Amino acid sequence: MLWMLMAILSAVFAGITSILAKCGIRKTDSDVATALRTVVVLFFSWSMVFVTGSAGGLSEIDGKSLVFLLLSGAATGASWLCYFKALSLGDVNKVVPIDKSSTVLSVLLAIVLFHETEHLAVKLVGTALLGVGIFLMVERKQTAQSAPMRKWLPYAVLSAVFAALTSILAKIGITNVESNLATAIRTGVVLVMSFVIVLVKGKQTQLKAVDRKEAVFIALSGLATGASWLCYYYAIQNGVVSVVVPIDKLSILVTVLLSYFIFKEKLSKKSLLGLCLMLTGTLAMAIWA
């Protein structure tokens, strides 16, 4: 099934995105970094639209699809702003599991709204394993180098909520729209949102002062995000939402492995058990899709 392969590729690119983004926001403000990343994603996504020849479908989009695409883009923008703020304040291994908790809400909403009840028992058990795994991975112990949970946790939770809404709104919005074109339209909304936030907070002067090395990482994270989105929304359009979303969240495995080698962020036994439960739940839903 091509849509499942696309979901897996989406997970790989998404896992790389978190690491590249973390490297790009050590000195750079998270809102500024988000705006700059979105420029890269927008260019990448529209390039794919013209390469695939799907630009002609722009005039054929009906009102309902356009509204839900715009709402999905707005939810994505809100999720990004919260996510990268959390990444700038906390450890990757702590922030990412919370963000991935959007899987639980997405699966439950897909079952209720889209009646994806095939293999329902497996999906519910898999979702439960994901939830327990996420709980175990969120460490409460603080170190001298880590930020207090009260600073990053609210942003990570909001990121997860908005991410869950993104998947559901996008599924409705891209029903009759080519997936590359839908991704490009959504990215435009995210770009507007991110730059509005920068302007409202008076951070526009920081756009020119971004460290060159970090700018490279921000650009690379944008390319990785663009690739992840194109694969993800193809899978969402052609596959089963309650299966695609968990597979996409396997990106946490890529992120954890890379963060161990790059940032030396080690997992405790409790966190490792949580990661294993998350992977078990995800694989169960993928195998019995």
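The model is predicted, so to speak of local features a pLDDT of at least 70 is needed, side-chain atom pairs count only at pLDDT 80 or more, and totals for chains, interfaces and linings use all residues. Residues are numbered from 1 along each chain as its sequence is written, and side-chain values use heavy atoms, with hydrogens and water left out. The protein chain has 12 helices and zero strands, where helices (H or I, at least four residues) and strands (E, at least two) are DSSP runs numbered from the N terminus.

**Overall shape**

- The radius of gyration of the protein chain is 18 Å, close to the 19 Å of the globule rule for 289 residues, so the chain is as compact as a globular protein of that length.
- Here the radius is taken over C-alpha atoms, and the rule is 2.2 Å times the number of residues to the power 0.38.
- Along its principal axes, the C-alpha trace spans about 55 × 50 × 30 Å.
- Residues 24 or more positions apart account for 89% of the contacts with a separation of 6 or more; contact means heavy atoms within 4.5 Å.

**Surface and charge**

- Of the 289 residues, 53% count as buried, on a scale where buried is under 20% relative accessible area, exposed is over 50% and partly exposed is in between (1.4 Å probe, protein chains only).
- The chain exposes about 12800 Å², and carbon and sulfur atoms supply 70% of that area; the areas come from the Shrake-Rupley method with a 1.4 Å probe, and for residues only the protein chains shown count as cover.
- There are 25 positive and 14 negative side chains, and the centres of the two sets lie 10 Å apart.
- Lys and Arg count as positive and Asp and Glu as negative, while His and the chain ends are not counted; each charge is placed at NZ of Lys, CZ of Arg, CG of Asp or CD of Glu.

- The buried residues of α12 include Gly 274, Leu 275, Met 278 and Gly 281.
- Those buried residues pack against α1 (2-24), α4 (92-100), α6 (120-137), α10 (241-248) and α11 (251-262).
- Helix α10 is mostly covered, with eight of its eight residues buried, among them Val 241, Pro 246 and Asp 248.

**Two histidines with positive phi**

- Most residues other than glycine have a negative phi.
- His 115 has a phi near 55°; it lies in the loop between α5 (102-113) and α6 and counts as exposed at 62% relative accessibility.
- His 119 also has a positive phi, of about 55°; it is found in the loop between α5 and α6 and is partly exposed at 35%.

- Leu 223 sits in helix α9 (residues 212-238) and counts as partly exposed at 39% relative accessibility.
- Not counting residues up to four places away in sequence, Leu 223 touches Val 40 and Phe 44.
- Leu 223 and Thr 17 are 206 residues apart in sequence and 8.4 Å apart in space, C-alpha to C-alpha.
- Ser 54 lies in the loop between α2 (30-52) and α3 (63-89) and counts as buried at 9% relative accessibility.
- Leaving aside neighbours within four places in sequence, Ser 54 is in contact with Val 49, Glu 178, Asn 180 and Leu 181.
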